Amino acid sequence: MNNTNQPILTVKDLKITFTTQDAEVQAVKGVNFTINPGECVGIVGESGSGKSQTFMAAMGLLAKNGRAEGEIIFQNHNLLELSVEQLNHVRGKSMSMIFQDPLTSLTPHLTVLEQMSEVVALHMQLSKSDTRRLCTQWLDRVRIAEAGRRLNQYPHELSGGMRQRVMIAMSMLCNPTLLIADEQSGVAEH
Ligand SMILES: Nc1ncnc2c1ncn2[C@@H]1O[C@H](COP(=O)(O)OP(=O)(O)O)[C@@H](O)[C@H]1O
Ligand SMILES: [Mg+2]
């Protein structure tokens, strides 16, 4: 919860550069925006204009050949300056991201419950039965029918729409302050 009038996220003069064999690619060239508590902000731009990379930088997930300059302020910290350990406290807990491709974001050899439990175990202290209860609740909330049965299934046993819903449920498990949804136009479809 953010009880102050401070923005939840402030992006200041963000620049993202990728070094490739041929050249330096400037994917983001000085972006500025803020997201305030309670706001739902849409970022619109042509394909390849740097929308996804902006938030990959916030999550500390830029590819190895990428670097970010500027500031991404979240809860009084510049995310670009945090160590992996510090980022791990934030990611999935107070800030989570539903990635563009939910099919490759789930681990194929773990059941829905196993992967959801990993997130819970990282950020909360819950018993096994409470973890299962929380996961079931979130599957219900994203309208996955027969949540109890689905928990024991593997990603390949679910439809694309269902996998996307599982990703949404996973991103909500810890009640994040900021939820980043990358290209979720297909959410309503099964
Ligand atoms: N690892 C990388 N190496 C080089 N260029 C990259 C890499 N990752 C992304 N890019 C480039 O960054 C730009 C922005 O990509 P992206 O943020 O995915 O665009 P959007 O989400 O707006 O469609 C694109 O031109 C893309 O090709
Ligand atoms: Mg994108």
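Predicted model: local features only at pLDDT ≥ 70, side-chain atom pairs only at ≥ 80, totals over all residues.

**Entry: Q115**

I started with Q115, which counts as partly exposed because it has 19 C-beta neighbours inside 10 Å. For the record, buried takes 20 or more other C-beta atoms within 10 Å of a residue's own, exposed takes 12 or fewer, and partly exposed is in between, with C-beta atoms placed from the backbone. Q115 is found in helix α4. Helices (H or I, at least four residues) and strands (E, at least two) are DSSP runs, numbered from the N terminus.

What does Q115 touch, not counting residues up to four places away in sequence? I found L106, T107, L110 and M170. A contact here is a pair of C-beta atoms, placed from the backbone, within 7 Å. I also looked at V166, which is 51 residues from Q115 along the chain, and their C-alpha atoms are separated by 9.8 Å.

Residues are numbered from 1 along each chain as its sequence is written, and chains are lettered from A and ligands numbered from 1 in the order in which they are written.

**Entry: α4 against α5**

Two packed helices are described by the angle between their axes and the distance between the axes. For α4 and α5 I get an angle of about 110°, with the axes 10 Å apart. Axes are lines fitted to C-alpha atoms, for helices over the stretch in contact, and angles run from 0 to 180 degrees between N-to-C directions. The two helices, α4 and α5, are therefore roughly perpendicular to each other. That label covers 65 to 115 degrees; under 35 is roughly parallel, over 145 roughly antiparallel, and the rest oblique.

Which residues of α4 and α5 meet? On the α4 side I noted L113, M116, S117 and V120, and on the α5 side T131, R132, L134 and C135. By class, this contact of α4 with α5 has 5 nonpolar, 2 polar and 1 charged residues. The classes: Ala, Val, Leu, Ile, Met, Phe, Trp, Tyr, Cys and Pro are nonpolar, Asp, Glu, Lys and Arg are charged, and the others, Gly among them, are polar.

**Entry: C135**

Leaving aside neighbours within four places in sequence, C135 is in contact with L113, M116, S117 and L151. I checked Q164 as well: C135 and Q164 are 29 residues apart in sequence and 15 Å apart in space, C-alpha to C-alpha.

**Entry: the core**

Next I looked up the largest nonpolar core, which has 37 residues. Such a core is a set of buried Ala, Val, Leu, Ile, Met, Phe, Trp, Tyr and Cys residues joined through C-beta atoms within 7 Å. L14, A57, I72, M116 and M170 have the most contacts inside the core. Elements giving two or more residues to this core include β1 (9–19), α1 (51–58), α4 (112–123) and α5 (128–141). α7 gives the most, with 6 residues.

The core draws at least three residues from each of domain 1 (9–91) and domain 2 (102–175). Those bounds come from an automatic or database domain assignment. I noted 27 Å between the centres of domain 1 and domain 2, taken over C-alpha atoms.

I then picked L14, whose contacts beyond four places in sequence include V28, T54, A57 and I72.

**Entry: α1**

α1 is mostly covered, with 6 of its 8 residues buried. I listed them as Q53, T54, F55, M56, A57 and A58. They pack against β1, β2, β3, β5 and β6 (178–181). Just after α1, G60 takes a positive phi of about 70°.

**Entry: loops**

Q75 sits in the loop between β3 and β4 (77–78), and its phi is near 50°, a positive value in a residue other than glycine. With 14 C-beta neighbours inside 10 Å, Q75 counts as partly exposed.

E146 lies in the loop between α5 and α6 (147–150). Its phi is positive too, about 50°, although E146 is not a glycine. E146 is exposed, with 10 other C-beta atoms within 10 Å.

Terms used: Contact = placed C-beta atoms within 7 Å.
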